[in-house]
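Hi,

Here is the structure I promised to pass on.

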Amino acid sequence: MNALLLWLEGPLQSWGSDSRYGNRTSLPFPTRSGVLGLLCCAAGRGGEQREWLARMAEHTQTVRAYARRLDEKPYLPPLLTDFHMVGSSYDEKDPWQTLMVPKTSEGKPPVGSGAKMTFRHYLQDMAFACVLTLPGEEARSLADALTHPVWELSLGRRNCPPSERIGRGVFASEEEALCAADALAAAKNRIPTLTVRDGAHEDGDEVWTLRDVPLCFGTAKRYRERHVTLYR
């Protein structure tokens, strides 16, 4: 078993767990489904990927968050909330513009303008080290895919591009990978604020239940729950 290190840094990130429809929130750290989706993009894995996701669910994921250092303390920027109006201000007499207006489930024109309001939340100026413990061959294959990704990589949502190289190599253990991440963060004047480990552990500060373990991707996504322990 080896440890694959991902460095997730960008001006904006958004890692939704159970948010849908009008209010799309973000957890304060990357989700399991978001990280595996990113790896699928890197490797060019499309469709449901049931077998691969089942194998990946057997292995651990540890996340460490890093904020900017300000006066020897971490600075945590507030969540950015972006207000969207989807489907408004289109000319319904223009055949092309009418394609942009949301329709009912039967494909019929909506009542009124059809505009939808959404609130989308983003983490600002954060960096995360994500360490996945994997069989050596799988870890090296994914490291190569991150170096030469097939599809565009993003940090949660597609409008959140990374500002740094994501793949940071394969290490002999999780401890070595986290030490490398700490050194990288120190060079960037960042300070650790949170570590998230799989499972419920009594020595942690909080235990959360998340529904972010994907069973299948594609058009009919399915997920199961997991426990994570937060160390602040």
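Which residues of helix 5 are buried? They are E174, A177, L178, A181 and A185, where buried means under 20% relative accessible area, exposed means over 50% and partly exposed is in between (1.4 Å probe, protein chains only).

Before I go on, the ground rules. This is a predicted model, in which local features need pLDDT of at least 70 and side-chain atom pairs count only at pLDDT 80 or more, while totals for chains, interfaces and linings use all residues. Residues are numbered from 1 along each chain as its sequence is written, and side-chain values use heavy atoms, with hydrogens and water left out.

Back to helix 5. As a reminder, an α-helix has 3.6 residues a turn, so residues three or four places apart point the same way. On the other side of helix 5, E175, C179, A186 and A187 are exposed. The cover over the buried residues of helix 5 includes strand 1 (2-13), strand 3, strand 6 (116-134), strand 7 (167-171) and strand 8 (190-198), with contact meaning heavy atoms within 4.5 Å. The length checks out too: at 1.5 Å a residue, the 14 residues should span 20 Å, and the end C-alpha atoms are 20 Å apart (the expected span is 1.5 Å times one less than the number of residues). Just after helix 5, N189 takes a positive phi of about 60 degrees.

Now the charged pairs. Side chains of opposite charge can pair when their charged atoms come close. Taking a salt bridge as a side-chain nitrogen of Lys or Arg within 4 Å of a carboxyl oxygen of Asp or Glu, the count comes to 15.

- R64 pairs with D182, with the closest N and O atoms 3.0 Å apart. R64 lies in strand 3 (residues 61-70) and D182 in helix 5 (residues 174-187), so this pair ties together parts 118 residues apart in sequence. R64 is buried at 14% relative accessible area, whereas D182 is partly exposed at 27%.
- R55 and E138 form a salt bridge, the closest N and O atoms being 3.5 Å apart. R55 is in helix 2 (residues 50-56) and E138 in helix 4 (residues 136-147), so parts 83 residues apart in sequence are tied together. R55 is partly exposed at 39%, but E138 is buried at 19%.
- R226 and D212 meet at 2.8 Å, N to O. R226 is in strand 10 (residues 222-231) and D212 in strand 9 (residues 206-216), 14 residues apart. Both ends are buried, R226 at 10% and D212 at 0%.
- E9, R68, D125, E164, R168, K188 and R190 are linked in a network of salt bridges.

Finally, the overall picture. The chain has five helices and ten strands, which are DSSP runs numbered from the N terminus (helices H or I, at least four residues; strands E, at least two). Of its 232 residues, 41% count as buried. Residues 24 or more positions apart account for 78% of the contacts with a separation of 6 or more. The C-alpha atoms fill a box of roughly 60 × 45 × 35 Å along the principal axes.

Cheers
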